[in-house]
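Hello,

Here is the structure I promised to pass along. Have a look at it first, and then read on for my notes on what turned up.

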Amino acid sequence: MMQSNEGRPTGRWAWEATTLRQAFEIGGVSIAPGTRHLVDLPVSRLSNHTPVTLPVHVLHGAEPGPTMFLTAAIHGDELNGVEIIRRVLRTLAPGNICGTLLCVPVVNAFGFIGRSRYLPDRRDLNRSFPGSADGSLAARLAHLLLKEVVSRCQFGIDLHTAATHRVNLPQIRCDYIKRPTARDLSLAFGTQVILHAPERAGSLRRAARELGVDVLVYEGGEGLRFDEFAIKAGVDGIAGVMLKIGMLELPDDESGAAPVRIPYREPLFANASKWVRAPEAGVLRSTKRIGGAVSEGEIIGQVANPYEEKDVEVRSPRRGIIVGRTTLPIVNMGDALFHIAWSEEIATVRAK
């Protein structure tokens, strides 16, 4: 990121100053510059007449800059993102940011209340975009989020976890090959692994890209559980992206002589991944944790059962890093055990 003499971003990350900062309009509510507001966007009513809304925290900075969204709990059982956004909101003040930040801690309120990944109609919200105003419940919610929040932004970060009974290493998923902006933003986020992930039909990321919005998908932790390591990585990563695009500025150190520098960690850009599956049913004993490096053919676990003496070895098919694994010791034949990611070039990619 290039910096001007005043410390503001230049080039493609620069934002033109205006003579008068305008109020931000959303859901019929006007938010003045330098203020914050919680806006409730009506969604529907439950069968007992209880209203359901899509609450959006709006932090409208006093200074001009980009507009970015944060979303969590698109899958209602993925809780880490809810806590990440809560901590981000407690850290930031509208007077300290440039631009506008739109935060939706719980997108899928129905699944969140019911501790379920899905909506009441069993649809996956992240396969329902762009949705429609008169379609299924999932389609209507997707349409509302896209119209009122995503379409107003230039950038976005969608926060996820693994499914229940699985855990993910903190990682960014994006199309860093075709989307150079997403590549730069993923580097600013600062996870250990950046996994190339083509867009899926019906996903928020694809619908946002079609609107010209660059979105990172953050994965970390496990469904229905808080993971402090993944939460902290998410909070730090969001701050890194906001610094990159000029929404935040680096603070001075105690002497005031120079800005504090965030240390650069070289990530693994992985362009391939594969789930290693159970060769037999039984009880899994794992010898590796998420984040661990593995070699081709290395034993990473063993499956046994109480009625036989023989253990069946589970071996890594490739050299790489474990980015996800099951948390259940009882497995059936064919169950996904370890998610291994690697680069076909067996090399890391440095920031340009």
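**Around Met 68**

Beyond its neighbours within four places in sequence, Met 68 is in contact with Thr 100, Leu 101, Leu 102, Cys 153, Phe 155, Gly 156, Ile 157, Ile 238, Val 241, Met 242, Ile 245 and Met 247. Please keep in mind that this is a predicted model.

Met 68 belongs to the largest nonpolar core, which has 73 residues. Together with Phe 69, Leu 70, Leu 101, Ile 238 and Met 242, Met 68 is among those with the most contacts inside this core. Helix 6, residues 228-244, supplies the largest share of the core, 7 residues. Apart from this core lies another one, of 14 residues, with Val 276, Val 294, Val 314 and Val 331 among them. As background, nonpolar side chains in soluble globular proteins tend to be buried together.

**Aromatic rings**

How many aromatic pairs does the structure hold? There are 2.

**Charged side chains**

Searching the whole structure gives 15 salt bridges. Here are some of them.

- Asp 236 and Lys 232 form a salt bridge whose closest N and O atoms are 2.9 Å apart. Asp 236 and Lys 232 are 4 residues apart in helix 6, so about one helical turn separates them. Asp 236 is partly exposed, with a relative accessible area of 42%, and Lys 232 is partly exposed at 49%.
- Glu 313 and Arg 315 meet through their side chains in a salt bridge of 2.7 Å, N to O. Glu 313 is partly exposed at 38% relative accessibility, as is Arg 315 at 43%.
- Glu 344 and Arg 318 form a salt bridge with the closest N and O atoms 3.6 Å apart. This pair links distant parts of the chain, 26 residues apart, with Glu 344 in the segment after strand 19 (336-342) and Arg 318 in the loop between strand 16 (312-315) and strand 17 (320-326). Glu 344 counts as partly exposed at 45% relative accessibility, and Arg 318 counts as partly exposed at 27%.
- Glu 83, Arg 86, Arg 87 and Glu 228 are linked in a network of salt bridges.

**Backbone points to check**

Most residues other than glycine have a negative phi, and most peptide bonds are trans. With that in mind, where does a cis peptide bond turn up? It joins Phe 129 and Pro 130, with omega at about 5°. Pro 130 lies in the loop between helix 2 (109-114) and helix 3 (137-148).

Ala 73 has a positive phi, near 55°, and is not a glycine. Ala 73 is placed in the loop between strand 5 (63-72) and helix 1 (80-91). Is Ala 73 buried or exposed? At 0% relative accessibility, Ala 73 counts as buried.

Leu 224, also not a glycine, has a positive phi of about 60°. Leu 224 is in the loop between strand 10 (214-221) and helix 6, and is partly exposed with a relative accessible area of 29%.

**One more residue: Phe 112**

Phe 112 is found in helix 2 and counts as partly exposed, at 34% relative accessibility. Its C-alpha is 5.9 Å in space from that of Asp 77, although Phe 112 and Asp 77 are 35 residues apart in sequence. Which residues does Phe 112 contact, leaving aside its neighbours within four places in sequence? They are Gly 76, Leu 79, Val 82 and Val 106.

Best wishes

Notes. Residues are numbered from 1 along each chain as its sequence is written. This is a predicted model: local features need pLDDT of at least 70, side-chain atom pairs count only at pLDDT 80 or more; totals for chains, interfaces and linings use all residues. Side-chain values use heavy atoms; hydrogens and water are left out. A nonpolar core is a set of buried Ala, Val, Leu, Ile, Met, Phe, Trp, Tyr and Cys residues joined through side-chain atoms within 4.5 Å. Buried means under 20% relative accessible area, exposed over 50%, partly exposed in between (1.4 Å probe, protein chains only). Helices (H or I, at least four residues) and strands (E, at least two) are DSSP runs, numbered from the N terminus. Contact means heavy atoms within 4.5 Å. Rings of Phe, Tyr and Trp (its six-membered ring) pair if their centres lie within 6.5 Å; planes under 30 degrees apart count as stacked, over 60 as edge-to-face and the rest as tilted. A salt bridge is a side-chain nitrogen of Lys or Arg within 4 Å of a carboxyl oxygen of Asp or Glu.
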